[in-house]
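Hi,

Here is the structure I promised to pass on. Have a look at it first, and then read my notes on the ligand and its pocket below.

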Amino acid sequence: MTASAKEKIIIAVDAPDAVSALQLVEPLASEGCLFKIGLQLFTAEGPSIVSKLQSLGARIFLDLKFHDIPNTAREAVHSAVRLGVDMTTIHLCGGPRMVSESVSAAEGSKTLVLGVSVLTSMDDQSLRAVGVPSTAEEQVLHLAHMGLQCGLRGIVASPLEIHPLRKKFGSQLVIVTPGVRPLGSDAGDQKRIMTPGDALRAGADYLVIGRPITAAASPLDSLRAIAAEMEAAL
Ligand code: C5P
């Protein structure tokens, strides 16, 4: 019953090394969700951590947020495709050519290239500090529009951005949303949060969930409870 909800959950494996990553993922690998490897774990362990988790049956979201000249970004996406990951990320502020070349590097593969627009750590004031006069929301919509014109099919968006993106672009983009907290759980350092049910109702396709699962006494029980909460909202 909860299988389809679990397929929409991406567990953030924010672990310092392979031993702790494997310890976390092993009991969860056959549940049908995806696992996000970010900069911390990848920098510590390299590409072998991807194949180690894949060998447990885990599907991988490699979140390295590539941002470089078009040639380098394209080849980095090629490398991610060769690792057989299901999703990977690029920064949309790398510009139209970087985005279209990165997207075409994954064409014909199973890897979905997701665009990162404005990091949620940036507010209107910090955007002005880097020379962007728009509000964060305007800039997200602007970059999403540019991404779509470059063939982008998916985007990472905070809970507050789901609705404006759906309103403007309908179902053209797959939306992946972090900053999700189940009812009654600790928000930690996340400020703009939504419950899993609300994020799905707002239009998210996938939810990135870290500490509510990874720091739980039983990550498996927590995953199942969150999936049940999502199933009720679907
Ligand atoms: O533990 P928590 O659920 O807050 O983890 C969320 C994950 O999503 C972390 O890996 C974090 O780096 C990532 N993330 C985020 N906000 C963004 C983009 C990524 O929290 N805007």
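A polar contact here is a pair of N or O atoms within 3.5 Å. Please keep in mind that this is a predicted model.

With that cut-off in hand, start with Lys-36: one of its polar side-chain atoms lies 3.0 Å from an oxygen atom of the ligand. Arg-181 also uses its side chain, placing a polar atom 2.8 Å from a ligand oxygen. Arg-211 takes part through its backbone, where a polar atom is 2.7 Å from an oxygen atom of the ligand. On its own the ligand has 460 Å² of accessible area, and the protein covers 80% of that.

Now for the shell. Besides Lys-36, Arg-181 and Arg-211, the residues surrounding the ligand include Ala-12, Asp-14, Thr-120, Pro-178 and Gln-190, as well as Val-208, Ile-209, Gly-210 and Pro-212. Two elements give two or more residues to this shell: strand S8 (206-209) and helix H11 (211-214). By class, the shell has 5 nonpolar, 3 polar and 4 charged residues.

And which space does the ligand take? It is the largest pocket, which holds about 830 Å³ of space. The lining of this pocket counts 34 residues, and those nearest its centre are Lys-65, Thr-120, Pro-178, Gly-179 and Gln-190. Strand S3 (59-66) and helix H9 (159-169) each give two or more residues to the lining, as do S8 and H11. The lining divides into 14 nonpolar, 10 polar and 10 charged residues.

Enjoy exploring it, and write back whenever you like.

Best wishes

Key: Residues are numbered from 1 along each chain as its sequence is written. This is a predicted model: local features need pLDDT of at least 70, side-chain atom pairs count only at pLDDT 80 or more; totals for chains, interfaces and linings use all residues. Side-chain values use heavy atoms; hydrogens and water are left out. A residue is near a molecule or strand if one of its heavy atoms lies within 4 Å of it. A polar contact is a pair of N or O atoms within 3.5 Å; within protein, one must be able to donate a hydrogen and the other to accept it, and residues adjacent in sequence count only if both atoms are side-chain atoms. Accessible areas come from the Shrake-Rupley method with a 1.4 Å probe; for residues, only the protein chains shown count as cover. On a 1 Å grid over the protein atoms alone, a cavity is a set of points where a 1.4 Å probe fits but cannot get out, and a pocket is an open set with protein on both sides within 12 Å along at least five of seven lines; lining residues have an atom within 4 Å of a point. A molecule sits in a cavity or pocket if more than half of its atoms lie within 2 Å of its grid points. Helices (H or I, at least four residues) and strands (E, at least two) are DSSP runs, numbered from the N terminus. Ala, Val, Leu, Ile, Met, Phe, Trp, Tyr, Cys and Pro count as nonpolar, Asp, Glu, Lys and Arg as charged, and the others, Gly among them, as polar. Grid points are joined across faces, edges and corners, and a volume is the space filled by probe spheres set on the points.
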